[in-house]
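The following note sets out some comments on the structure, as numbered points. It begins with the overall fold and then turns to individual residues.

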Amino acid sequence: MKRVSRILFIAALAAILAPSTTKAQLSLDAYYNVDWQFNIPLNNKFSNVASGWGMNFEGGYYVLPQMAVGGFLSFHTNNEYLSRRTINLTATQSISTDQQHQMFSLPFGILARYRFIEGDFQPYAGLKIGACYTEFSNYYYIFMTKEDTWGFYMQPELGFNIYPWANSIGFHIAMYYSFSTNKCNIMSYEQNNLNNFGLRFGIAF
């Protein structure tokens with residue numbers, strides 16, 4: 001019995017010390033990220049309050065060991081409450097009310113990602129370009145004024161995927177800057193282009 005226990009102990013120790021042939025992630029040729037994101041508008045006149053109401057979905061295929069190409073889709077909503085004030089509707093009409101500004105953005109397109117290291121920890125730099133659909137909505141009293149717009153979208157990004165366990169899912173953390181050419185002119189509020197800074201936390205496949 002002692003001999004069997006000794007053999008089992010040696011076998012277990014050898015398995016622990018032997019070099020592992022398992023891979024860090026589920027696939028070495030592709031990646032997928034699903035993220036929650038926190039978005040901070042940068043001097044946006046229509047809605048300039050940070051928000052965590054957003055998500056990001058993306059995936060890519062490594063055409064080279066370090067370089068991946070793929071696609072993305074994300075969405076985000078930023079809200080800003082404005083206290084009671086007088087709004088000029090026309091040259092002869094005005095209304096005194098509080099307001100709720102809501103800005104919903106949905107960018108999508110293609111991406112390129114360069115990972116600096118392969119393995120359990122994969123820092124990278126990426127660039128996303130595409131189109132951005134944005135709804136600007138102004139709620140006041142019992143009324144709503146809305147404008148739908150399309151624009152060009154560009155987003156550089158820095159982040160990393162980390163895989164704590166072999167052949168399993170990992171975690172994704174990133175920070176980004178985004179720019180889009182969406183514009184609106186609602187009542188006395190005019191917005192030219194959108195600039196945002198943000199953070200993403202999610203799952204890596």
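This is a predicted model: local features need pLDDT of at least 70, side-chain atom pairs count only at pLDDT 80 or more; totals for chains, interfaces and linings use all residues.

1. The chain contains one helix and eight strands. Along the sequence these elements follow the order α-β-β-β-β-β-β-β-β.

2. Of the 205 residues in the chain, 37% are buried. The accessible surface of the chain is about 11600 Å², and carbon and sulfur atoms account for 66% of that area. Among contacts in the chain with a separation of 6 or more, 63% are between residues 24 or more positions apart.

3. The surroundings of H76. This histidine belongs to strand β3, which covers residues 67–88. H76 counts as buried because its relative accessible area, 4%, falls under the 20% cut-off. The side chain of H76 makes a polar contact with the side chain of Q37, at 3.2 Å. With neighbours within four places in sequence left aside, the residues in contact with H76 include Q37, F38 and N39, then S51, G52, W53 and G54, and also M103, F104 and S105.

4. Aromatic pairs: W36 and F201. The whole structure holds 11 aromatic pairs. One of them joins W36 and F201, whose rings are stacked, with 6.0 Å centre to centre and 25° between the planes. Because W36 lies in strand β1 (residues 30–41) and F201 in strand β8 (residues 189–204), the pair ties together parts that are 165 residues apart in sequence. Both residues count as partly exposed: W36 has a relative accessibility of 40%, and F201 has one of 38%.

5. Aromatic pairs: Y133 and W150. The ring centres of Y133 and W150 are 5.3 Å apart and the planes stand at 50°, so this pair is tilted. Y133 is in strand β5 (residues 121–140) and W150 in strand β6 (residues 143–162); the pair therefore ties together parts 17 residues apart in sequence. Y133 is buried, at 17% relative accessible area, whereas W150 is exposed, at 58%.

6. Arginines over rings. Which residue lies over the face of Y62? It is R115, at 3.6 Å from the ring centre. In a second case, R200 lies over the face of Y176, at 4.2 Å from the ring centre.

Terms used: Residues are numbered from 1 along each chain as its sequence is written. Side-chain values use heavy atoms; hydrogens and water are left out. Helices (H or I, at least four residues) and strands (E, at least two) are DSSP runs, numbered from the N terminus. Buried means under 20% relative accessible area, exposed over 50%, partly exposed in between (1.4 Å probe, protein chains only). A polar contact is a pair of N or O atoms within 3.5 Å; within protein, one must be able to donate a hydrogen and the other to accept it, and residues adjacent in sequence count only if both atoms are side-chain atoms. Contact means heavy atoms within 4.5 Å. Accessible areas come from the Shrake-Rupley method with a 1.4 Å probe; for residues, only the protein chains shown count as cover. Rings of Phe, Tyr and Trp (its six-membered ring) pair if their centres lie within 6.5 Å; planes under 30 degrees apart count as stacked, over 60 as edge-to-face and the rest as tilted. A charge sits over a ring if NZ of Lys or CZ of Arg is within 6 Å of the ring centre and within 35 degrees of the ring normal.
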